[in-house]
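This report goes through selected side-chain contacts and their surroundings. The sequence and the coordinates are shown here for reference.

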Amino acid sequence: MTLFLDKNTVTSDISDNAILAYVALRQAMSDSIAIVDKYTTKMYISSEQLCYNLTDGFAAGYLSMLDKGISELQAREMITLEDAGKYGWVFDVEKLYLDTKKQFFVIVEDWEIRKILNCEQITYCNKRVSLMRYFVALISTFDNSSSVEYGAGKIGHMTINFIAEQAHTSLRTAKRYNDELLDMKLIYIYRTNDKLVVD
């Protein structure tokens, strides 16, 4: 499934927990998780539903991060809590809807998110979420083209410093994350041997 994410949100200064919750909610809005009323913007969700939808599992680390992320999104008034049950909440997610004609957006596939969040080479959930955040910020800098002349796909040409700023991470971490994404075959990096030395 293709997810459309608000570029301003995924490159903002909100926490990794909030980014995880935002991506999970946007996926739920596009997927089959039950909407309370099809004529409103309310939906019933639980952290277990969101976690399973993202990862096909119930990792305790993700459940905790999702709970914290939902609390942060609520505190920032990006979502509104309408009601709380024993196992989940009814939220109004109106502010998370995206107008692709008026807002800049990022296109990411759910299998890409799942591949990162289930990466066995990375032990800790919070490190995987940080890598996911970096990946979304990275592809938010890409140009999309259907023309073979221009690469027929997503092509990035921004500096690593700029990408690190977009992801709210260090240059060193950005370089490490590029290598990890390359190993996962989620990105390809073209490196030229040609160099021009000035002064």
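The text below covers salt bridges, an aromatic pair and a helix residue, in that order.

**Salt bridges**

The model is predicted. A search of the whole structure gives 6 salt bridges. Side chains of opposite charge can pair when their charged atoms come close. The table lists some of these pairs.

| Salt bridge | N to O distance |
|---|---|
| Arg76 and Asp13 | 3.7 Å |
| Arg76 and Glu72 | 3.1 Å |
| Lys42 and Glu82 | 3.6 Å |

What do the side chains of Arg76 and Asp13 form? They meet in a salt bridge, with 3.7 Å from N to O. Arg76 sits in the loop between helix H4 (60-75) and strand E3 (80-84), and Asp13 sits in the loop between helix H1 (7-10) and helix H2 (16-30), so the pair ties together parts that are 63 residues apart in sequence. Arg76 is partly exposed, at a relative accessible area of 41%. Asp13 counts as exposed because its relative accessibility is 57%, and the cut-off for exposed is over 50%.

Arg76 also forms a salt bridge with Glu72, where the closest N and O atoms are 3.1 Å apart. Salt bridges that share partners join Asp13, Glu72 and Arg76 into one network.

The side chains of Lys42 and Glu82 meet in a salt bridge with an N to O distance of 3.6 Å. Lys42 belongs to strand E2 (residues 42-45) and Glu82 to strand E3, so this pair ties together parts that are 40 residues apart in sequence. Lys42 is partly exposed at a relative accessible area of 29%, and Glu82 counts as partly exposed at 38% relative accessibility.

**Aromatic pair**

The structure holds 4 aromatic pairs. One of them is formed by Trp89 and Phe91; this pair is tilted, with 5.7 Å centre to centre and 45 degrees between the planes. Is Phe91 buried or exposed? Phe91 counts as buried, because its relative accessibility is 1%.

**Ser130**

Ser130 is placed in helix H6 (residues 125-139). Its relative accessible area is 17%, so Ser130 is buried. Which residues does Ser130 touch, not counting residues up to four places away in sequence? With that exclusion, Ser130 touches Asp16 and Tyr177.

Notes
Residues are numbered from 1 along each chain as its sequence is written. This is a predicted model: local features need pLDDT of at least 70, side-chain atom pairs count only at pLDDT 80 or more; totals for chains, interfaces and linings use all residues. Side-chain values use heavy atoms; hydrogens and water are left out. Helices (H or I, at least four residues) and strands (E, at least two) are DSSP runs, numbered from the N terminus. Buried means under 20% relative accessible area, exposed over 50%, partly exposed in between (1.4 Å probe, protein chains only). Contact means heavy atoms within 4.5 Å. Rings of Phe, Tyr and Trp (its six-membered ring) pair if their centres lie within 6.5 Å; planes under 30 degrees apart count as stacked, over 60 as edge-to-face and the rest as tilted. A salt bridge is a side-chain nitrogen of Lys or Arg within 4 Å of a carboxyl oxygen of Asp or Glu.
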